Amino acid sequence: MTGAEAGAGAGAAAQPGAGATGAGSGPVGVVLVSHSAAVADAVAELARGLAAGGPVVPVAAAGGTADGGLGTSAARIVAAAREVDGGAGIALLVDLGSAVLTVKALLEDDELPAGARLLDAPFVEGAVAAVVAASAGAPLDAVASAAGEAYTYRKT
């Protein structure tokens with residue numbers, strides 16, 4: 001991530017935008033932001049596959065830099081958010097620190113569609129939970145809750 005991509009408000013807290021409760025007409029969209037395009041694409045494919053059995057909400061992967069390298073790209077994140085914007089909000093899940101900073105800066109600068117929200121959730125498990133919940137018609141608040149609950153999934 002470059003300084004220009006991070007923007008001036010990189011340290012500011014993310015704020016949900018208008019429509020954050022999912023009051024729009026379409027489904028909640030999901031954007032997966034990773035430092036790796038391959039990781040973002042694979043997690044998107046996994047989440048779509050596990051949510052199958054009915055209609056699956058729009059999911060977009062925003063991974064890597066414009067030149068194919070590792071990192072985050074503000075332009076890719078904005079494009080992915082616009083792609084999945086159905087009017088009911090956008091759940092953004094991120095993998096690592098600078099992805100968090102980039103999304104926070106975009107939210108702070110109002111560069112993402114209204115209703116975009118950075119979720120506090122593990123990347124893989126949170127993405128699956130978010131896509132499943134959104135595909136079931138849950139509003140953004142419930143999608144965020146389902147994704148956040150993935151922190152409690154025990155593996156032992």
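D110 is found in the loop between helix 4 (97-108) and strand 4 (116-118). Helices (H or I, at least four residues) and strands (E, at least two) are DSSP runs, numbered from the N terminus. This is a predicted model, in which local features need pLDDT of at least 70 and side-chain atom pairs count only at pLDDT 80 or more, while totals for chains, interfaces and linings use all residues. Residues are numbered from 1 along each chain as its sequence is written, and side-chain values use heavy atoms, with hydrogens and water left out.

D110 is not a glycine, yet its phi is positive, at about 55°. D110 also belongs to a negative surface patch, together with E108, D109 and E111. Asp and Glu count as negative, Lys and Arg as positive; His and the chain ends are not counted. Patch residues have over 30% relative accessible area and no salt bridge; like charges are joined within 9 Å, nonpolar side chains (Val, Leu, Ile, Met, Phe, Trp, Tyr) within 5 Å. A charge is placed at NZ of Lys, CZ of Arg, CG of Asp or CD of Glu. A salt bridge is a side-chain nitrogen of Lys or Arg within 4 Å of a carboxyl oxygen of Asp or Glu.

L46, L50 and V124 form it on the surface, with about 250 Å² of accessible area together. Accessible areas come from the Shrake-Rupley method with a 1.4 Å probe; for residues, only the protein chains shown count as cover.

Three residues can be set side by side. Buried means under 20% relative accessible area, exposed over 50%, partly exposed in between (1.4 Å probe, protein chains only).

| Residue | Relative accessible area | Class |
|---|---|---|
| D110 | 68% | exposed |
| L50 | 53% | exposed |
| A80 | 4% | buried |

L50 sits in helix 2 (residues 37-50). A80 lies in helix 3 (residues 74-84). Leaving aside residues up to four places away in sequence, A80 touches V31, A60 and A62. A contact means heavy atoms within 4.5 Å. A80 and V31 are 49 residues apart in sequence, but 6.4 Å apart in space, C-alpha to C-alpha.

Now the whole chain. The protein has 6 helices and 4 strands. Along the sequence they follow the pattern α-β-α-β-α-β-α-β-α-α. Of the 156 residues, 47% are buried. Among contacts with a separation of 6 or more, 80% join residues 24 or more positions apart. The protein exposes about 6,900 Å², and carbon and sulfur atoms supply 56% of that area.
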